[in-house]
Each structure stands twice: as C-alpha cells, then as structure tokens.
Amino acid sequence: MLLTLDLNDPRPLHEQVAGAIRRAIGEGSYRPGDRLPPARDLALALGINSNTVLRALRDLRDEGLLEFRRGRGVSVAGRADGRALLVQRARDLLEEARRHGYDRDDLITILEELS
C-alpha cells in the first residue's frame, strides 16, 4: 500500500491516513477480504507514530470498512460506497481550495458554474 501524507495539510494525521486508506478501498486497490499491512509497518513507512495509524484504522472499523480479527490482523470488510469516496474527495477538494484562499461558499459557486 503506497500512502502519502501532506505535512502541510492542517488536518490531523489520523484523518489523512484514514482518507488515504478509504480512497485505496474505494478505488479498488484493496478488495473485501484483503488484509492490510500491520499498523506498525504502515507507521514506519509513513514516519508517524503507530498509535496514529491505529486511530485511523479504528475510525475505518467504526465506519464498517475494516474488520479486526484477533490473530489475523485487519482486513477490508466491504467496499467503500460511492458516497463515502465522494465525501472524502470533497473534503480533499475543500482543503485544497482553502490553501488557495477560497472558502466553502466560493467552492459551491464554482461547482454551480460547472452544471
């Protein structure tokens, strides 16, 4: 799993990790039943604390995307529905817009102009 974090992103790291995993599931990189790498390995690859990764994994478990099995690790419980993936992308777009000086209302205006 190739995840990247933006250290300039104001969102907490656990939200960035959860978003990256959610996208990977939504885009089909991981299918139901696939096991994720151990939290320790993900944390090491990302250069962050393993508790941060565990918090992201717990959030995704609470959403129903992941399941924890004692002795078997963490696996994908289901595919992210289209709405979950769209919400994550909208959050990413809003953060990008804010970095460029636009707020939520500006972004809504831009989206309305597209339709």
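Predicted model: local features only at pLDDT ≥ 70, side-chain atom pairs only at ≥ 80, totals over all residues.
## Helices and strands

Helices are DSSP runs of H or I with at least four residues, strands are DSSP runs of E with at least two, and both are numbered from the N terminus.

Residues are numbered from 1 along each chain as its sequence is written, and side-chain values use heavy atoms, leaving out hydrogens and water.

## The whole chain

Let's start with the overview. The protein chain has five helices and two strands, and along the sequence they follow the pattern α-α-α-β-β-α-α. Its C-alpha atoms fill a box of roughly 50 × 30 × 20 Å along the principal axes.

Of the 115 residues, 34% are buried (buried means under 20% relative accessible area, exposed over 50%, and partly exposed in between, with a 1.4 Å probe and protein chains only). Among contacts (heavy atoms within 4.5 Å) between residues at least 6 apart in sequence, 59% join residues at least 24 apart.

Which residues of helix H2 are buried? In this helix, residues 39–46, they are Ala-39, Leu-42, Ala-43 and Leu-46. Seen down the axis of H2, these buried residues fall within an arc of 100°, so they line one face of the helix (the arc is that of the directions from the helix axis to the C-beta atoms).

Helix H1 (13–26) and helix H3 (50–63) are among the elements that cover the buried residues of H2. The face turned away from the buried side carries the exposed residues Arg-40, Leu-44 and Ala-45. After H2 comes Gly-47, with a positive phi near 75°.

## How H1 meets H3

H1 and H3 pack at an angle of about 55°, and their axes are 8 Å apart. Here, axes are lines fitted to C-alpha atoms, for helices over the stretch in contact, and angles run from 0 to 180 degrees between N-to-C directions. The angle makes H1 oblique to H3 (under 35 degrees is roughly parallel, over 145 roughly antiparallel, 65 to 115 roughly perpendicular, and the rest oblique).

Residues making the contact include Leu-13, Val-17 and Ile-21 of H1, and Ala-56, Leu-57 and Leu-60 of H3.

## Back to Val-87

Val-87 counts as partly exposed, at 26% relative accessibility. Val-87 and Gly-19 are 68 residues apart in sequence and 9.9 Å apart in space, C-alpha to C-alpha.
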